[in-house]
Amino acid sequence: MITLPGLIDVHVHLRDMGQEHKEDFFSGTSAALAGGFTTVLDMPNNQLPITDYELLTKKQETAKLKIVSDVGFHFGSLGDNLDEFEKIKDKVWGLKLYLNQTTGGYIIDEDRLKKIYRKWHEVTEGKRPVLLHAEEDVMGIVTKVLQDTKHPTHICHISSIDEFTPIMKAKEKGLPITCGVCPHHLFLTVDDVEKLGSFGMMKPSLKTKKDQEFFWKHLEYIDLIESDHAPHAVEEKKSSNPPFGVPGLETTLPLLLTAVYEKRLKLQDIIDKCYENPRKIFHLPKQENTHIEISNIKYQISNSALHTKCGWSPFDGWEVRGKVMKVVLRGETVFENDKVLAQPGSGHVI
Ligand code: NCD
Ligand code: ZN
Ligand code: ZN
């Protein structure tokens, strides 16, 4: 049995307030605990995007009643809500902006991006990072804005060599840039889409073996691992116009621990990329008396055992080593024997 700190996932979509048929605060945070995560940060691309004080407050109030892990929030902007920044700056951990088309369609252009960056930088005094959904076609814009503002910027879910190399270069120049990679980009490639169909489709899309190997080779440039837990209902995925995104909270740690078992990764990498770095980058509070217990028993990931409401995973059937046996949050056992023991509302909104 190994003991680790309660892990942190800075990129999840819990869907509550509008799309509870995909996931809600209780089912999503149950999946978090089952996956060893005691803190998650929720994205703002809800049915109504979280771009004003009122909606953010309503979301936090809703969360308070339902969550079993701790949950923090990122704010959103389409460039028309700059006056809200002052009101919400101490209630969120980051500002999430979309430079490519993805679920929700809250895309912005270069002019808006600059305007938003300037205001956010001024209001937060450079303390709260901007998170970007920025695929390879827009990396040039990102580097320009970063050079201009020097505002801490986290590039979400990098998927290809062409996204990764400008980030590596920016890091070498000393710019305040960080990046995260998702387990699906570390463990799946475009070849898997043949079998998975729409259940293997997400933004950014799965790339080639060459891209994947490049990530494994340059892990030291990857600051953190984020699941981009993006649940959609099975019927939606099976439809003629399936939404993009895959769930990930319950499979991230088993996959990473399997890589440790196979000596492709060190346990310390998991601690750094799923705990230490997320905490540092987003200035997250420490959870006292909190840890998770892991066993390296062999088992199969199975859709039927998941806590996420969507009830499926692109890793269904995978044989893994590394199971969350117990989660202790602030001294209370909140998960054990595959069951969530915590009461809805016992998690903290941070
Ligand atoms: C995410 C979603 O469904 O909200 N989808 C995805 O394919 N990753 C949005 C996002 O993170 O881009
Ligand atoms: Zn995204
Ligand atoms: Zn996402």
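**The ligand site, step by step**

A: Sorted by class, the shell around ligand 1 in this predicted model consists of three nonpolar, nine polar and three charged residues. These 15 residues surround ligand 1, and the closest are R15, T102, T103, K203 and D228.

In the side chain of T102, an N or O atom is 2.7 Å from an oxygen atom of ligand 1, while in F244 it is a backbone N or O atom that lies 3.1 Å from an oxygen atom of the ligand. Taken alone, ligand 1 would expose 320 Å², and the protein buries 100% of that area. As for its location, ligand 1 sits in the largest cavity.

D228, listed above among the residues closest to ligand 1, also belongs to a metal site, for its OD atom is a donor to the zinc ion (ligand 3), together with NE2 of H11 and NE2 of H13. These protein donors lie 2.0 to 2.1 Å from the zinc ion (ligand 3), and along the chain they follow the spacing H-x1-H-x214-D. The arrangement around the zinc ion (ligand 3) is tetrahedral because its four donor atoms subtend angles of 88 to 133°, and four donors count as tetrahedral if all angles lie between 85 and 135 degrees. For reference, the ideal angle for four tetrahedral donors at a metal is 109.5 degrees.

The zinc ion (ligand 2) is coordinated by H133 through ND1 and by H157 through NE2, at 2.0 to 2.1 Å. Around the zinc ion (ligand 2) the four donor atoms subtend angles of 54 to 147°, and therefore the arrangement there is irregular.

Notes. Residues are numbered from 1 along each chain as its sequence is written. Chains are lettered from A and ligands numbered from 1 in the order in which they are written. This is a predicted model: local features need pLDDT of at least 70, side-chain atom pairs count only at pLDDT 80 or more; totals for chains, interfaces and linings use all residues. Side-chain values use heavy atoms; hydrogens and water are left out. A residue is near a molecule or strand if one of its heavy atoms lies within 4 Å of it. A polar contact is a pair of N or O atoms within 3.5 Å; within protein, one must be able to donate a hydrogen and the other to accept it, and residues adjacent in sequence count only if both atoms are side-chain atoms. Accessible areas come from the Shrake-Rupley method with a 1.4 Å probe; for residues, only the protein chains shown count as cover. On a 1 Å grid over the protein atoms alone, a cavity is a set of points where a 1.4 Å probe fits but cannot get out, and a pocket is an open set with protein on both sides within 12 Å along at least five of seven lines; lining residues have an atom within 4 Å of a point. A molecule sits in a cavity or pocket if more than half of its atoms lie within 2 Å of its grid points. Ala, Val, Leu, Ile, Met, Phe, Trp, Tyr, Cys and Pro count as nonpolar, Asp, Glu, Lys and Arg as charged, and the others, Gly among them, as polar. Donors are N, O and S atoms within 2.8 Å of the metal (3.2 Å for Na, K and Ca); water is not among the atoms, so sites may look incomplete. Four donors count as tetrahedral if all angles lie between 85 and 135 degrees; four count as square planar and six as octahedral if opposite donors are over 155 degrees apart and all others between 65 and 115; anything else is irregular.
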